[in-house]
Amino acid sequence: MKILIVEDEEVLAKVIQEKLERTGDDVVIASDGERAIVAARELVPDVIVLDLLLPKKSGFEVLKTLKADEELKLVPVVVVSNLGEESDIKHAMELGATDYYVKAEHPINEIIEKIKEALIRSK
Amino acid sequence: MTFSFRRKQGLPEGSFTEDKEFKLLFDSLLDGLAFADVETKRFLAVNEAFSQMLGYSEAELRSMGVTDIHPSDALPHVLEEFEKQARREIRIARDIPVLRKDGRIFYADINSSLIVLGGKQYLLGTFRDVTERKESEEAVRRSEERLELEISRLPIGHVVWDKDFKVVTWNAAAEKIFGFSFGEMKGKHPYGTIVPTAVQPQVEIVWHKLLQGDESTANSLNENITKDGRTILCDWTNTPLRDKDGMVIGAMSTVEDVTQKVKAEEALRKSAEELKKFKMAVDSASDLIMLTDPAGKIIFVNKNAEHFTGFPREEIIGKTPALWGGQMSEDFYQKMWATIHAKRVFEGQIVNRRKDGGRYDAELHISPILGPDGEVAYFLGVEQDITKLKEVDQAKSEFISLASHQLRTPITTMSWYLEMLLEGDAGALSKKQEDYVEKLYAAARQMNDILKSFLYVLRLETGDMKVHPVKMDLAKLGQETLEEFAVSIRNKQIDVSESCSGLSPFSIDPDIAKIILQNLISNAIKYTPEKGSVHISCAHAAAGSSVGGREVSEESMVITVQDSGIGIPQKDQEKIFTRFFRADNAKTADPDGNGLGLYIVNKMTALMKGSVWFESEEGKGTTFYLALPLNQHKESVA
């Protein structure tokens, strides 16, 4: 399975990458919004793990672009962000996010589990 | 008619040289003359004036006597006077009532001369009609009496003092004012009676000036005391009294009790002052304050209205607030009018337009003021400029957002890496290492909890938190929440039970409900000793039913969290929902708590229009009750 992780905090991206690679998935990390879109178009992943506060292009814009892309619009996007405001969650869900998780609220294993669930659902 | 004095009455000859001359003289006198026998009291002769005075003919009078021409009740006095005259003790009998033939009475002064003729005594009486004088004297007397009566009825006291400052006269009004009768005050000094000790020096000065004839202190306002001990305020007017040589022999005073008058004036002055203060306060208020008639026409606006709207006050008066309004939807204004016409208070945020076209945000508050008939008499409108407030709110929201992201990222990093260490991702840990890492992980979670609490409080206080009810299974919510505490429950061997199954889905905001339950369950577990019990139950409660010592006002879902824990000490129960408050025994049991949990529970419950309360006994346990009204939550979904 191909997974794109869009995350500017390298230490956090590494944790997710390590956990997912352990179960045999291909993981690509994009550390800003622009790279995220380029990588998504190149890779056409099975699932995208998306942070919201990103350099160059915000996660919301990335989400909007992805959902407007014929080839990518069906790829499930799991938002994993520390933005926890109701309005942020609502906005992301409206833009087409599959799930939304506040990082600090969940143990890493739970996040990994949710990503896997999204992968299964995307089949 | 002829005068046949001597002949007919047998008077001795030669007494009067010329009969005719005598008659002429006798008749020409304007005063009435009557010649009477002292012994028989019969008239021997009368003149024409006398005849006219009495209305009898001379002939008739010659057959009458003294006793026939006076009212019978006055007769004893008349005869006494007649005798006195006969004995020459008096010459004039004054004010003698005389009865005329026609029954009318007139008064006469009778001046008589005793004449002795032939050893017999006669009285020659000159009658002078004094009715007129008597009547005018009577009129004066009556008017004096009336005046006296009027004076006694006046509320103005009248007092005359001798030169030793002792009471000489003291009228009825003075009696009424001071309660002392004239008898009680006669010859008394005002000191020790009506002048309080404290006022004596002031009175002494006035009195000395009066004695010196100085009238500069003619008017004085001072306190007096009454017989029954009341202190009254009196207005005195004083004049020195002088003898014929100009020496001061005393003083005359008029006095009026002005206590009520002064009080009324004071009250009036105070209320005028209050009104002025009120107007100043209204004018200096930072809000726009207006008063309108029931149709919305503006009767009054404060000064700040000019600052808000840009319109001068005189342009606003008489217009409606539409002058600077009309920026909201038709719907908004309809709802506003419907509310205030229903005599309810309207509150809402409004955008208005200044005279220069600029816009401002305001919090609008309209209260109907009802008249005595219960109908709307006025509307009181207050606009609070919230442009600044909105900026502050914006800043707060930005801070919340920043804090949540910036602080959560390092917490997430710590937590995730510690989790990996614990899972052996970096190799197996020794027992001691595992113990240390677990402690670090717990601290990271605690940091996250504190941050979360702070964020909840900030969001609750900025009004950022909104309720979004959805239909959900309470039993599932309860079980999920309990699941989060599985480790603590297992470690403390707490007996947990839950009875929320079988209820139909209930509309509730799942996130807020979860936070409330997390806090209540977390407390129950935290403050319950090992092997204690925690029980969670849910039940419908009808309006008016009694739950946990309280009456539920409307049909509600009541969630109960009961524990066998340390309880809340009686003295702390009142403060338990206060921000940062922690009961003493709770501080001992868990030193790390932040005192925000129950504050958040209370605020969030209020946000859901519910109520939360508890029953607790120290050392035995606590039961929290959370009542959420069914109707309100049904409506929210629809």
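1. Surroundings of Cys234(B). In this predicted model, Cys234(B) is in contact, beyond its neighbours within four places in sequence, with Ile177(B), Phe178(B), Ser220(B), Leu221(B), Asn222(B), Asn224(B), Val255(B), Glu256(B), Asp257(B) and Val258(B). The residue belongs to strand β9 of chain B, which runs over residues 231–242. Is Cys234(B) buried or exposed? Its relative accessible area is 0%, so Cys234(B) counts as buried. Val130(B), by contrast, lies 104 residues from Cys234(B) in sequence, and the two C-alpha atoms are 48 Å apart in space.

2. Strands β8(B) and β9(B) pair in the antiparallel sense, over 7 bridges. Within this pairing, Asn219(B) has Thr237(B) of β9(B) as its bridge partner. The hairpin formed by β8(B) and β9(B) has 5 residues between the strands, and Gly229(B) adopts a positive phi near 90 degrees there.

3. Extent of the interface between the chains. How many residues does each chain bring to the contact? Chain A supplies 25 residues and chain B supplies 22 residues. About 2100 Å² is buried between chain A and chain B, and carbon and sulfur atoms give 51% of that area. On the side of chain A, the residues that lose the most area to chain B are Asn82(A), Glu85(A) and Glu86(A), which together make up 26% of what that side buries.

4. Polar links across the interface, and the makeup of the chain A side. Between chain A and chain B there are 4 salt bridges, and 14 residue pairs are in polar contact across the interface, with both residues at pLDDT 80 or more. The elements of chain A that give two or more residues to the side touching chain B are α1 (10–22) and α5 (108–122). Helix α1(A) provides the largest share of that side, with 8 residues. By residue class, the chain A side divides into 12 nonpolar, 4 polar and 9 charged residues.

5. Arg22(A) and its partners. Which residue of chain B meets the side chain of Arg22(A) in a salt bridge? The partner is Asp425(B), at 2.8 Å from N to O. Arg22(A) also meets Glu18(A) in a salt bridge, here at 3.3 Å from N to O. Both Arg22(A) and Glu18(A) lie in helix α1 of chain A, 4 residues apart, which is about one turn of the helix. With a relative accessibility of 45%, Arg22(A) is partly exposed; Glu18(A) is likewise partly exposed, at 37%.

6. Salt bridges within chain B. Over all chains, a search of the whole structure finds 44 salt bridges. One of them joins Arg141(B) and Glu138(B), whose closest N and O atoms are 2.5 Å apart. These two residues lie 3 residues apart in helix α6 (residues 131–153) of chain B, about one turn of the helix. Arg141(B) is partly exposed at 37% relative accessibility, and Glu138(B) is partly exposed at 27%. Another salt bridge links Asp590(B) with Lys526(B), with the closest N and O atoms 3.4 Å apart. Because Asp590(B) lies in the loop between α19 (584–589) and α20 (597–607) of chain B, and Lys526(B) in helix α18 (residues 510–526), the pair ties together parts that are 64 residues apart in sequence. Asp590(B) is buried, with a relative accessible area of 13%, whereas Lys526(B) is partly exposed, at 33%. Shared partners also join several salt bridges into one network, made up of Glu18(A), Lys19(A), Arg22(A), Glu423(B) and Asp425(B).

7. Leu503(B). Where in chain B is Leu503(B) placed? The residue sits in the loop between β17 (495–499) and β18 (506–508). Leaving out residues up to four places away in sequence, Leu503(B) touches Cys538(B), Ala539(B), His540(B) and Met557(B). Leu503(B) and Cys538(B) are 35 residues apart along the chain, and their C-alpha atoms are separated by 8.2 Å. The relative accessibility of Leu503(B) is 23%, so this residue counts as partly exposed; the limit for buried is under 20%.

Definitions and conventions: Residues are numbered from 1 along each chain as its sequence is written. Chains are lettered from A and ligands numbered from 1 in the order in which they are written. This is a predicted model: local features need pLDDT of at least 70, side-chain atom pairs count only at pLDDT 80 or more; totals for chains, interfaces and linings use all residues. Side-chain values use heavy atoms; hydrogens and water are left out. Buried means under 20% relative accessible area, exposed over 50%, partly exposed in between (1.4 Å probe, protein chains only). Contact means heavy atoms within 4.5 Å. Two strands pair if DSSP finds at least two bridges between them. Buried area is the accessible area (1.4 Å probe) that two parts lose on being put together, summed over both. A polar contact is a pair of N or O atoms within 3.5 Å; within protein, one must be able to donate a hydrogen and the other to accept it, and residues adjacent in sequence count only if both atoms are side-chain atoms. Ala, Val, Leu, Ile, Met, Phe, Trp, Tyr, Cys and Pro count as nonpolar, Asp, Glu, Lys and Arg as charged, and the others, Gly among them, as polar.
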